[in-house]
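Subject: Structure handover and findings

Hello,

My notes on it follow directly below.

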Amino acid sequence: MIAHTIRSFCLAISAICLLATPAAAQTQSFDSYLQTVAAKARAEGVSQRTIDRVFSGLTPNNRVLELDRDNVGSPGTTRSAGFPSMASYLDRHNTPSRINGGVRTLGRLGSLARRVEGQYGVPAEIVVAIWGHETAYGAVMGSFDLPRSLATLAWDGRRRTLFERELIDVLKMVDRGVPRSRLVGSWAGAFGNGQFLPSVYLRLAVDGDGDGQADIWNSDADTLASIANYFRDAGWRTGEPWAVRAYVPNSADRSGIENRVTSPVCPRVHERHSRWLTVREWRARGIEPRAPIDDNTMAALFEPDGPSAPGYLLTQNYRVILEYNCSNYYAMSVGLLADELARR
Ligand SMILES: [Ca+2]
């Protein structure tokens, strides 16, 4: 599960993850640092009552610092040379147990899942595949006290800009009525079925069952609607696949297909894809999609394990999955799990 929680801190905030620069290591005591954050939170309208309730008795968590040190360099995002094979990653992540869990979840939530799909325009299989990858369909949501984790990481200073923001936002969640006792999640501050960070929760979590709270820990309706809302907000295109398998013969015309644009977010993930062409242009080069896709769709070629292994034409929707967690391994396994669920 560590692999999941490691990735979780980048959840939904891939841009911020990369932009956050190491701040000075802590020069203040933990308590004195909390007073600084409290002043900033008050200036943003957080009530003193909430600050007192959340900060009183809070201490740094050394286990969180150890896990953070171990996490410098997570798979698929910061490797400088060489990549583990996609096939072995998929074998480890899209296991029969995860696939069966997805089938059961879709079966259990059938009409609710389809209602959310209709409302947000995001396939239920994609939403459930995210749920499966983040928390094994809610089985493993983390048991760390969130304010304590976030305060520890912010105080530590390696990524203070990121975590101080999240710490203030977790206070705002309490002001909004989220019970203090519910603030439990991964060591890196992500929580609930879809492992949202506080800033993401404030912006995108929604109340799917109409009880007035976005309870992404316990409510299936809130969980599905919140993940779907994340995808809609990130630009999911209804009716477009995330990718299609592609037949790439040895004779395919590969001239000039390399990607010459450096992505402003997680460039090492994007630099493994080709430039973007229409499906019609790929066909003209001899590269054939193996599933239905409109000829005018823009797509990038990705051959994660090289030319002799499966190739894919990725669409804009693949990039939406990357927004949830900027790793080709993550996005491919989510997409392929969703495809598998759609076949069942
Ligand atoms: Ca609710």
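The model is predicted, so local features need pLDDT of at least 70 and side-chain atom pairs count only at pLDDT 80 or more, while totals for chains, interfaces and linings use all residues. Residues are numbered from 1 along each chain as its sequence is written, and side-chain values use heavy atoms, with hydrogens and water left out.

Whole chain

The chain has 17 helices and 7 strands. These elements are DSSP runs numbered from the N terminus, with helices being H or I of at least four residues and strands E of at least two. Of its 344 residues, 55% count as buried; the term means under 20% relative accessible area, with exposed over 50% and partly exposed in between (1.4 Å probe, protein chains only). Among the contacts with a separation of 6 or more, 73% are between residues 24 or more positions apart, a contact being heavy atoms within 4.5 Å.

Largest pocket

The volume of the largest pocket is about 650 Å³. A pocket here is an open set of points on a 1 Å grid over the protein atoms alone, where a 1.4 Å probe fits, with protein on both sides within 12 Å along at least five of seven lines; lining residues have an atom within 4 Å of a point. Grid points are joined across faces, edges and corners, and the volume is the space filled by probe spheres set on the points.

The lining has 32 residues, of which Trp242, Ala243, Leu336, Asp339 and Arg343 are the closest to the centre of the pocket. At least two lining residues come from each of α6 (86-93), α9 (124-135), β3 (243-247) and α17 (328-343). The largest share, 7 residues, is that of α17. By class, the lining has 21 nonpolar, 3 polar and 8 charged residues. For these classes, Ala, Val, Leu, Ile, Met, Phe, Trp, Tyr, Cys and Pro count as nonpolar, Asp, Glu, Lys and Arg as charged, and the others, Gly among them, as polar.

Helices α3 and α11

Helix α3 (residues 30-43) packs against helix α11 (residues 160-175) at an angle of about 65°, and the axes are 10 Å apart. Axes are lines fitted to C-alpha atoms, for helices over the stretch in contact, and angles run from 0 to 180 degrees between N-to-C directions. On the α3 side the contact involves Tyr33, Leu34, Val37, Lys40 and Ala41, which meet Arg160, Glu164, Leu167, Ile168 and Leu171 of α11. This contact has 7 nonpolar, no polar and 3 charged residues.

Positive phi

Two residues other than glycine may be worth a look. Ala136 has a phi near 50°; it lies in the loop between α9 and β1 (144-145) and is partly exposed at 31% relative accessibility. Gln195 has a phi near 55° and lies in the loop between β2 (184-185) and α12 (198-204). Gln195 counts as buried because its relative accessible area is 1%.

The neighbours listed here leave out residues up to four places away in sequence.

- Gly142 is in the loop between α9 and β1 and is partly exposed, at 34% relative accessibility. It touches Val184, Gly185 and Ser186. Its C-alpha atom is 8.4 Å from that of Gly192, 50 residues away along the chain.
- Arg232 belongs to helix α13 (residues 220-233) and is partly exposed, at 43%. It touches Gln119, Tyr120 and Val122. Arg232 and Val320, 88 residues apart in sequence, are 8.9 Å apart from C-alpha to C-alpha.
- Leu112 sits in helix α8 (residues 110-120) and is buried, at 15% relative accessibility. It touches Asp220, Ala221 and Leu224. Leu112 and Ala225 are 113 residues apart in sequence, with 9.6 Å between their C-alpha atoms.

Regards
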